[in-house]
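This briefing concerns helix packing, domain layout, model confidence and local backbone geometry. Please keep the sequence and the model at hand while reading.

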Amino acid sequence: MPIIDLPAPPPQLAQESAIVVDIRHADSAQVAAHKQDAHVRWWLELGDQLLLVGARGEIRKAAPDREVLGELVDFDRSRMRLHALGCARESATPGRLIARSGRWELRELSAAELRNPLPALHDGHAEEWREIEPDSTITWRYRTDDAPTAADPTIQSVVDAIDTTRWFADLSTLADWDRSSYGPELALSRAWIETRFSGLGLSVSAPAFTMPGPGGGQISVNNVIGQWTGTLFPEQWIIVGGHYDSRNSSSSSTVNTPGAEDNASGCAGVIELARVLVGFAPERSILFMCYAGEEQGLHGSYAHVQSLQASGNLAKVQAVVTMDMIGYSADSQLDAVFESYSTWIAYLNQFAAAAATYAPELQVTLSTNPFGSDHMPYLQAGKRTLLAIESDYDAYPWYHNSGDTPAHIGANAQAMGGAILKTSIAVIAQIAGINDRIFASGFESSAN
Ligand SMILES: [Zn+2]
């Protein structure tokens, strides 16, 4: 009998199963061990949830000590998509939810759903759906494993100066205007922001830019900038920004657009950070900015980056902090996402470490898959940039809707906003260089 060489059997990829396990209470070494377990062919990390893929009937052996949140007996990667939680409220989201963290969810789509075009994020953002790559981290929970770093007394004094009652009052003032970029009241809110900045002694400007109008053609709207000139390094700039425009369920409506959470919360946050930081006479320059035109496609922040390029000032920018929706929490568990490109992982970790030290009530998820806010133009221009955002906004019934009022943000607003403001100001103070308040007062009086 001749010996017949049989080809090797094909890999049993069609026989894959997956489980989603809860890694909330796992430390870094335990998470790494699950990923490297012999039963795991590949994995996907989404915050507190770890998807483990392996042979059918075997994969549950990979993490026997973890709670299994879900199991897919017939796992087919080609039907999996990552979905960015943007403004897709107008239509039901296709697919079945498998896992979720921060601003991303993993959904399983049917063959029919995959044949149809998937709904796009608002106004031309094409980033809403992505295929998944094996062995990738989409978002992750910041794990200190060790005790957080001890507070620096000077930074702590800056953090302690944040006044969340004052911040919420500013938020409420802004929410009284219809701040649609297409409407007449945007200019009223802009004038009020200018007055806040000028009252702090900042150098105020409101550069105009054009963006597409609601009926075709171009309209002109304005960003607002309050510039602090650094006491030691005026040519080194830090940008702290958030959009002041708002919308409701129709991005072209000009009425009933209170936008308390989105984004009076972030704009009032910029004002509060300015108020506190000016008292500490930062060594580097800080541009406190409120953008218009965000809701229709980040027009204000793109216009600012273009003007920085045109004026040759882009090279001065050392760091950017963007705040968009910082006041809502669905429960007393305060959750925030900090996101940037993977290039800026040290910057992400600086924010997470600052939260652990100065706002330990905050649970931090980090993401290197950013999208959909005013951080994007700066990231695309190569700048060290981060977005701070609460991560319950997709559970907020009034998101992008005329009910986004101060009252609806709810009982956790000051705790939530305060945690993000304390974290942000700690990092900005570290980067900008600050003087203690006694010196700052002396500086101000000697300058007057
Ligand atoms: Zn927003």
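Are α4 and α6 parallel or oblique to each other? They pack at an angle of about 130°, and α4 and α6 are therefore oblique to each other. The model is a predicted one, in which local features need pLDDT of at least 70, side-chain atom pairs count only at pLDDT 80 or more, and totals for chains, interfaces and linings use all residues. Residues are numbered from 1 along each chain as its sequence is written.

**Terms for helix packing**
- Helices (H or I, at least four residues) and strands (E, at least two) are DSSP runs, numbered from the N terminus.
- Axes are lines fitted to C-alpha atoms, for helices over the stretch in contact, and angles run from 0 to 180 degrees between N-to-C directions.
- Angles under 35 degrees count as roughly parallel, over 145 as roughly antiparallel, 65 to 115 as roughly perpendicular and the rest as oblique.
- A crossing is left-handed if the near helix is turned anticlockwise from the far one by less than a right angle, and right-handed if clockwise.

**Helices α4 and α6**
- Helix α4 spans residues 164–175 and helix α6 spans residues 260–278, with their axes 8 Å apart.
- The crossing in which α4 passes α6 is right-handed.
- R166, W167, D170, L171, L174 and A175 of α4 make the contact with A260, A264, S265, C267, A268, G269, I271 and E272 of α6; two residues are in contact if their C-beta atoms, placed from the backbone, lie within 7 Å.
- The contact residues comprise nine nonpolar, two polar and three charged, where Ala, Val, Leu, Ile, Met, Phe, Trp, Tyr, Cys and Pro count as nonpolar, Asp, Glu, Lys and Arg as charged, and the others, Gly among them, as polar.

**Helix α11 and its partners**
- Helix α8 (residues 345–358) packs with helix α11 (residues 413–432) at an angle of about 120°, and their axes are 9 Å apart.
- α8 and α11 are therefore oblique to each other, and their crossing is right-handed.
- In this pair, Q350, F351, A354, A355 and Y358 of α8 meet K422, T423, A426 and V427 of α11.
- The contact of α8 with α11 has six nonpolar, two polar and one charged residues.
- Helix α3 (residues 153–160) packs with α11 at an angle of about 135°, with their axes 9 Å apart, which makes α3 oblique to α11.
- α3 passes α11 in a right-handed crossing.
- I155, V158 and V159 of α3 meet K422, I425, A426, A429 and Q430 of α11.

**Domains and confidence**
- The chain is divided into domain 1 (14–141) and domain 2 (153–447), with bounds from an automatic or database domain assignment.
- The C-alpha centres of domain 1 and domain 2 lie 31 Å apart.
- The mean pLDDT (the predictor's confidence in each residue, from 0 to 100) of the chain is 91, and 91% of its residues reach 70 or more.
- Over residues 438–448 the pLDDT is below 50, and this stretch has seven contacts in the model beyond near neighbours in sequence.

**Backbone geometry**
- Most residues other than glycine have a negative phi, and most peptide bonds are trans.
- The peptide bond from D262 to N263 is cis, with omega near 5°; N263 lies in helix α6.
- A281, a residue other than glycine, has a positive phi, near 45°, and is found in the loop between α6 and β15 (284–291).
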